[in-house]
Amino acid sequence: MLRSGDKMAGRSAAEIKCVKCKKVYECNVIDHIDLSQDRELAKNLKSGKANRVQCPKCKKVQYLDRSIVINFEPENLIVVFDPAAKKKTVREEHERDYKSVIAFNEILEEVGEETDFKIISKLDQLKTLVTDYMKVHE
Ligand SMILES: [Zn+2]
């Protein structure tokens, strides 16, 4: 999961409730981005608009406040961006998740030791990280 060979962003299906007409619909949401592979998404990330969905009934566009795992390869940095991570309990949950992933086997454990893991809840902070990354790896 940490270094998946995926060339595209990792996506999963989610149920969204339209804020306008309250219709519940299914859509593909992004939960993992590899910055070295996906420049277009990096731009959307910076504006906080990575997860854009549109209601099929009333066409209302929404941007979702979901957590996204961002891989800053080739730098050894993994960031979980989650607007809800202002809460300590949410942060602790992400930390536990990460630890359980790298404890899965010895290879991942080695990767984990070399990799910096950050949990970010503020968009400004994420913006700075992505901007710096783009400058270095243009
Ligand atoms: Zn709607």
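Predicted model: local features only at pLDDT ≥ 70, side-chain atom pairs only at ≥ 80, totals over all residues.
Q: Start with Lys22. Does it count as buried or exposed, and why?
A: Lys22 counts as exposed, because it has 10 C-beta neighbours inside 10 Å. Residues are numbered from 1 along each chain as its sequence is written.

Q: Where is Lys22 found, and what is its phi near?
A: Lys22 is found in the loop between strand E1 (10-17) and E2. Its phi is near 70°, positive in a residue other than glycine. Helices (H or I, at least four residues) and strands (E, at least two) are DSSP runs, numbered from the N terminus.

Q: What about Lys59?
A: Lys59 also is not a glycine, and has a positive phi of about 70°. Its place is in the loop between strand E3 (52-54) and strand E4 (61-63). With 10 other C-beta atoms within 10 Å, Lys59 is exposed.

Q: OK, the sheet. What order do the strands take?
A: The order is E1-E2-E5-E6-E7, 5 strands in an open sheet with mixed pairing. E1 and strand E7 (116-120) each have a single partner strand, so one side of each edge strand is left without a neighbour in the sheet. Two strands pair if DSSP finds at least two bridges between them.

Q: Which way do the pairs run?
A: E2 and E5 run parallel, joined by 3 bridges. E5 and strand E6 (residues 77-81) are antiparallel, over 4 bridges. E6 and E7 are parallel, over 5 bridges.

Q: Which residues face each other?
A: Val69 in E5 is the bridge partner of His32. Val69 also stands opposite Val80 in E6. Ile78 stands opposite Phe117 in E7.

Q: Is E5 (residues 68-71) covered on one face or both?
A: Both faces of E5 are covered. Ile68 and Ile70 are buried on one side, Val69 and Asn71 on the other.

Q: What joins E5 to E6?
A: A hairpin does, through 5 residues. Pro74 is found in that loop. The peptide bond between Glu73 and Pro74 is cis, with omega about 10°.

Q: Switching to helices. Which residues of H1 are buried?
A: In helix H1 (residues 39-46), they are Leu41, Ala42 and Leu45. Seen down the axis, they fall within an arc of 110°, so they line one face of the helix. That arc is taken from the directions from the helix axis to the C-beta atoms.

Q: And the face turned away?
A: That face of H1 carries the exposed residues Arg39 and Glu40.

Q: What covers the buried residues of H1?
A: The cover includes strand E2 (24-34) and helix H4 (123-136).

Q: How do H1 and H4 pack?
A: At an angle of about 150°, with their axes 9 Å apart. Axes are lines fitted to C-alpha atoms, for helices over the stretch in contact, and angles run from 0 to 180 degrees between N-to-C directions.

Q: Which residues meet there?
A: Ala42, Leu45 and Lys46 in H1 meet Leu126, Lys127, Val130, Thr131 and Met134 in H4. Contact means C-beta atoms, placed from the backbone, within 7 Å.

Conventions:
Buried ≥ 20, exposed ≤ 12 C-beta atoms within 10 Å, placed from the backbone. Contact = placed C-beta atoms within 7 Å.
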